[in-house]
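Subject: Handing over a structure

Hello,

Here is the structure for you to take over. Please open it first, then read on for what was found.

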Amino acid sequence: MVAMGGSLSSRPAVRGPSRTEPAREASALSRVPVSVITLIAALGVLVSSLAYADGRAGAGSSSGTGVALYWVGQVMILLPIGGRLLSRRQMSNGETVTLIVALTVAEYLLKINYSPLGFTFNDEFLHYRGTTNMLDSGKLFEPNLGLPIGTHYPGIEEVTSALISATGLPVFESGLIVVGVAHLLFILFLYLAFCVAIRSHRIAGIGMLIYFTAPALTSFNSMFVYETLALAFLGMCIVAALRSATEKSLSDRRRWFIIAVLCILATVITHHITSYMLTGFLILVAIASRLTGSRNTAARFGVLATISAVSVFCWIFFIARDTISYFAPTVQGLAQGLQSLRKGGSGAAPVTATSPFSNTLIGAIGILVISLLIVVGVWQAWRRHRRHPWIFGMMLGSLGWFVDIGIRLGTPDGQELAGRAATFVYIPVSVLAALALTKLVNSGPVRRMGAAVTAVILTSVVALLVDGLANGWPPFWERLPGPHLVSSFESSVGPEEIAASNWTLKYLGPGNYIAADAGTYPVLLGYGDQDALQVITYLYTTPTWSPAVAGHAAGQNVQYVETDTRLTQLLPAAGNYFPGDITFATQKLTPADLNKYNNIPGVSRIFDDGTIRYYDLVTLGYVPQKP
Amino acid sequence: MYRRSLDIFLAGAAALLGGAAYELHAPGPLQVVLGIALFFAPGYLWSEAILSQRLTGLERVMTSAGIALILPILGGFLFYGLKIPLFRSSWVGLLVVLTLLGVVAVAVQRLREVPPDPRDSPDPRGGRPAPPRAPRSGLSALNLFVYGLAAVVALGTVAFSVKNAEAQKYPGLTELGMAPIQKNVVAKPGLPPQKSIPTQAVLSVINNQGVAEEYQLKLLKKGKVIKTWPITLGDGQTWQTTIPYTTDDKYLIRANLYMLPDTKTVYRYVDNGPGNKYTAK
C-alpha cells in the first residue's frame, strides 16, 4: 500500500499491537464484519434523517424526540465504526479504509440531508455567487460582493464551473459533487499520510478516528467553500511530499515531487489560510527532519516549503493584495487578545449564544481528554520515536493545540477562530493521540481487564466525537432543520428569502447597498448579488425617522432597506438581529421600528410579499433629512 | 498491448463522447454521465502519465481524482493568461484537450517504459521480501450484498430527505413589486451604483402560493384609480407591465393588489413614496 524506501521508512515502524500477551476478550464489535458495520452506519444516517424530518414537521430543534433520534442515529454511525477501529482484532488495510470511507460518507450525507434542496449554510452562498458570476462573465476574477477576498482565490469556482459545463448540472448539485469528492479525498490522503509516516494502518485508522473529533470537520470542511477543496490538495501534497522523500528510485521521487508542486499551486490559487498552513507544515517537517538527522527528507521538504512560500508570496503580491488588509483585523484582534491573556486579564471574548450546559461540559471534558492524550502521546513519541522525523514534527506541531486553547479562551471571536484552526491543529494532535490510545489499549492492565476497559475507552472516544458534532455547526438551536427563525443563519433561509433576493437581482440589478436583517443578509449577497451592509442596527431601532438616522444612512450610502414583520414577533436564536451587531438582542423590535418607512416622505415602498418589504431611500432624491 | 491500452481508449472515448454530448445537447441524464466521465478522464490519464509506477487501486483512484480537481484550476488560470473567456464551451474544450493530451502522454510513456525492476517488486520471487500481509477478508457474495444494501439505504435517505424537504409547509406568498427603471451611472469605487432619474417602473406580481390564484391590481395616481388589471397566475408564474413613473413628490403613485374574491381589503401595496397622504380604500 505505501512505499517503504528512503530515509523516513528506514526508521523503525511505530510498534503495532503486542501479541505477547493475549487479550482476555476483545470488544463484541470487533467480531462484527465491516460490511455489517457499514450497514449499521447507513441505518444511522436513516435514523438521523428521520430526525430531520421530525424537525421539518414543525417543532424544529425544540422537538425533544427529534433531537434524541438525531443523536441515536449519530451513535449508530460512530459507535460501531469507532469500536472496530479501536479493537485489537487485526484488520486489513482495506477494511480500515472502508470504515473511514463509511464514516466520512455517512456524515457528509447527513450534511446533504440537512438541506437537500439548495445551499443554506451562509458561506456557501458566497461561492454560489462566485461560480454564477464566473459562468455568466467568463472571467476569472469577477468581483464577489459577499466575499471580496474570494475573488482572488477562484479555485472552487473554476472546478465547479468546469463540472457544470461538462454535465449541465446546476450549481448546487455540481457543488455537492465537487466538495463531496474533495472532502473524501482529504480524509483519505490524510489517512495515507499517516500510513506512510507511522507505517501502521491500525494506528493511522485510530488517528483518523481522533481527527473526526475536530469540530469543523463534518460541517464547515464539507461545505461548498474554498477551504474544503484546498484541504484535498493539502492532503495530497503531504502524501506526495512524503513519497517524494521516501520512494526508492530517483525517477519515482521526481514524479511525486511534480505532484507535490502541482498540489502546492492548486492550494495557493484556492485558499489563503490552507496555503499558509501547508507552507508551515512543510517547514515543520523540514526542520524536524533536520533535527533528527534525515538530511534527504529535510532537503526535499525544504525545497517544497520554499516553492510553497514563494508561490504564496507571488500570489499575494501580484494577484491578491487585499489578503493583507483582509487578515489585518483578525491578526490585530488575536495579538490584543493574547496580550491581555498574557497579562493575566480576560481576553474579553464576547459571549455568544449560550450553549446548553451539557455542550459546555462535554466540550471542557473533550479539551481535558485531548490534552491528556497529547501529553501521553508526546511521552510515547519521545521514548520510542524521537529519531522519526514525521513523528518528531508532529510533536512540535501538537504545541499548536495549546495555542488553539489560548485563542479559544482569550480572544474575541476565539470560539470560531479556534474551531477553524482545529482543522489544521488536529492533524498532529491526532497522530499523538493515536499513539497514546494505542499504547493504552495495548497496555497490560487494559488487556487483563478486557472488554470493560475497552468499553470505557470506546465510550470516551465516542464522547469526543459527539463533542465535535455538538460544538461544531449547526449549533444546538438549529440541530434539526425546522420552521423559520429570525436572523439565525440556516434557519432563516427559506423559499421566501430566496424569492425576495432573486427579485432584487431581477428588478434592481446587482451591487446595490441594501440594509437587511441577519437572516436575509447572506441570501441577498448570494442569490441577490447585492452589497448587503453591516452595522445597520440604527435603521431599525427608532420608531421615527430622525435627522440623525438619516445622516447616518446617507453616510453609509444606504440605498434600500429591507424589513421583515417576523422581526417583531421573535427574538433571534443566534443572538443578534442584524449583521455586524455584537450586542445581544434582549427585546423584540416594535412594529413602529419597521413601519416608520411607510410614512417617510420620499421613501418608496417598492416590494411587498406580506412579510418582507423593500424600501427605496434614494430614488426621490437622497435620504430625506426631515423627520 | 491491447489490454494495456484499453484504459487509454476508454478515457479518450469518454472525452470525445462527453464533448459530443455537450455539442449535440444530449438528454440530461446522458450528458450528466458522459460529463462526469469527461471531468475525471484527464485526471486519470495525467495520473498515469506522471505516476507511471504501479499504484494500488485506491491510490490510483485518489491521485486521479485529485489531479482531476487540480487541472481545471491550472487550466482556467492558463486560459485567463491567454485571455480566453471561460464560458461553458471553453471549459468543455479544456477538458477534451487535456484528455487528448493525456492520451498521447500515457501512450508515449508506455512505449518508452522499461520493464519493472524485480527488486521493486513486492513479489516474494523478487529480490525484496514481501511485507507481511494482513489476512484478507475477501468479498463474499454476502458481504457484497450487505454493502449494496448499505449503499441503497444511504442513498435512499437522500431521496427521502429531498421529498421531505419539498413537502415542508411554508406559508404561500405573493410578491408585489414596483421597481423604477433606472440606468446605472458609472459608480466610483467604494460607492454604490448611482442611478438615473426614472420615468418608468416595472410593476410585477409573482404567485408563489402553491396554487393558482386570481388577483386584481389597481393603479392609483393621487388617490384615483387610473388602471385595473385582472390577473390570473399559476403557481410560480409572474405577471409584469411597464407603467409611467414620476419622482415628483406631488404625485403619489400607488399599486394596490387584491386577492380575489376579496376586493375590499388591500392584500399588498407598493408606492412611489411621497408620503402616506392617500389611504387606499
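**A strand covered on both faces**

A:Ile514 stands opposite A:Tyr560, which belongs to S3(A). Keep in mind that this is a predicted model. The pair sits where strand S1 (residues 513-515) of chain A meets S3(A): 2 bridges join them, and the two strands run parallel.

S3(A) spans residues 560-564 of chain A. Its other partner here is strand S5 (residues 612-616) of chain A. That pairing is antiparallel and has 5 bridges. Within it, A:Thr563 faces A:Arg613 of S5(A).

How many residues of S3(A) are buried? The count is 5 of its 5 residues, so the strand is listed as mostly covered. Both of its faces are covered. On one side are A:Tyr560, A:Glu562 and A:Asp564, all buried. On the other are A:Val561 and A:Thr563, also buried.

**Chain A as a whole**

Chain A has 23 helices and 5 strands. Its radius of gyration is 26 Å, close to the 25 Å that the globule rule gives for 627 residues, so chain A is as compact as a globular protein of that length. Along the principal axes, its C-alpha atoms fill a box of roughly 85 × 55 × 55 Å. Of the 627 residues in chain A, 59% are buried. Take the contacts in chain A between residues at least 6 apart in sequence: 74% of them join residues at least 24 apart.

Chain A is divided into two parts: domain 1 (6-478) and domain 2 (489-616). Their C-alpha centres lie 37 Å apart. Where they meet, 16 residues of domain 1 of chain A are in contact with 17 residues of domain 2 of chain A. The domain 1 side of that contact divides into 9 nonpolar, 5 polar and 2 charged residues.

**One residue to look at: A:His201**

A:His201 is found in helix H8 (residues 201-211) of chain A. Is A:His201 buried or exposed? A:His201 has 24 other C-beta atoms within 10 Å. The cut-off for a buried residue is 20 or more, so A:His201 counts as buried. Leaving aside neighbours within four places in sequence, A:His201 is in contact with A:Asn93, A:Thr96 and A:Cys195. A:Thr330 is elsewhere: 129 residues from A:His201 in sequence, and 39 Å from it in space, C-alpha to C-alpha.

**Chain B**

Chain B has 5 helices and 9 strands. Read along the sequence, the pattern is α-α-α-α-α-β-β-β-β-β-β-β-β-β. Of the 281 residues of chain B, 32% count as buried. Among contacts in chain B between residues at least 6 apart in sequence, those joining residues at least 24 apart make up 58%.

**Where the chains meet**

The contact between the chains takes 90 residues from chain A and 81 residues from chain B. On the chain B side, these elements each supply at least two residues:

- helix H1 (2-23), helix H2 (28-50) and helix H3 (57-81)
- helix H4 (88-112) and helix H5 (141-166)
- strand S1 (173-180), strand S4 (200-208) and strand S9 (268-271)

Which element gives the most to this side of chain B? H5(B) does, with 15 residues. The residues on this side divide into 49 nonpolar, 24 polar and 8 charged.

Strand S4 (residues 604-608) of chain A and S1(B) pair in the antiparallel sense, over 2 bridges. There, A:Phe607 has B:Gly177 in S1(B) as its bridge partner.

**The nonpolar core**

In soluble globular proteins, nonpolar side chains tend to be buried together. In this model, the largest nonpolar core holds 255 residues. Which residues touch the most other members of this core? They are A:Phe189, A:Cys237, A:Cys263 and B:Leu95. Helix H7 (residues 171-198) of chain A gives the most to this core, with 20 residues.

From chain A, B:Leu95 touches A:Ala162 and A:Ala166. From chain B, B:Leu95 touches B:Ala15, B:Leu38, B:Phe39 and B:Pro42. Residues up to four places away in sequence are not counted there.

Over to you.

Best wishes

Methods. Residues are numbered from 1 along each chain as its sequence is written. Chains are lettered from A and ligands numbered from 1 in the order in which they are written. This is a predicted model: local features need pLDDT of at least 70, side-chain atom pairs count only at pLDDT 80 or more; totals for chains, interfaces and linings use all residues. Two residues are in contact if their C-beta atoms, placed from the backbone, lie within 7 Å. Helices (H or I, at least four residues) and strands (E, at least two) are DSSP runs, numbered from the N terminus. Ala, Val, Leu, Ile, Met, Phe, Trp, Tyr, Cys and Pro count as nonpolar, Asp, Glu, Lys and Arg as charged, and the others, Gly among them, as polar. Two strands pair if DSSP finds at least two bridges between them. Domain bounds come from an automatic or database domain assignment. A nonpolar core is a set of buried Ala, Val, Leu, Ile, Met, Phe, Trp, Tyr and Cys residues joined through C-beta atoms within 7 Å. A residue is buried if 20 or more other C-beta atoms lie within 10 Å of its own, exposed if 12 or fewer, and partly exposed in between; C-beta atoms are placed from the backbone. The radius of gyration is taken over C-alpha atoms; the globule rule is 2.2 Å times the number of residues to the power 0.38.
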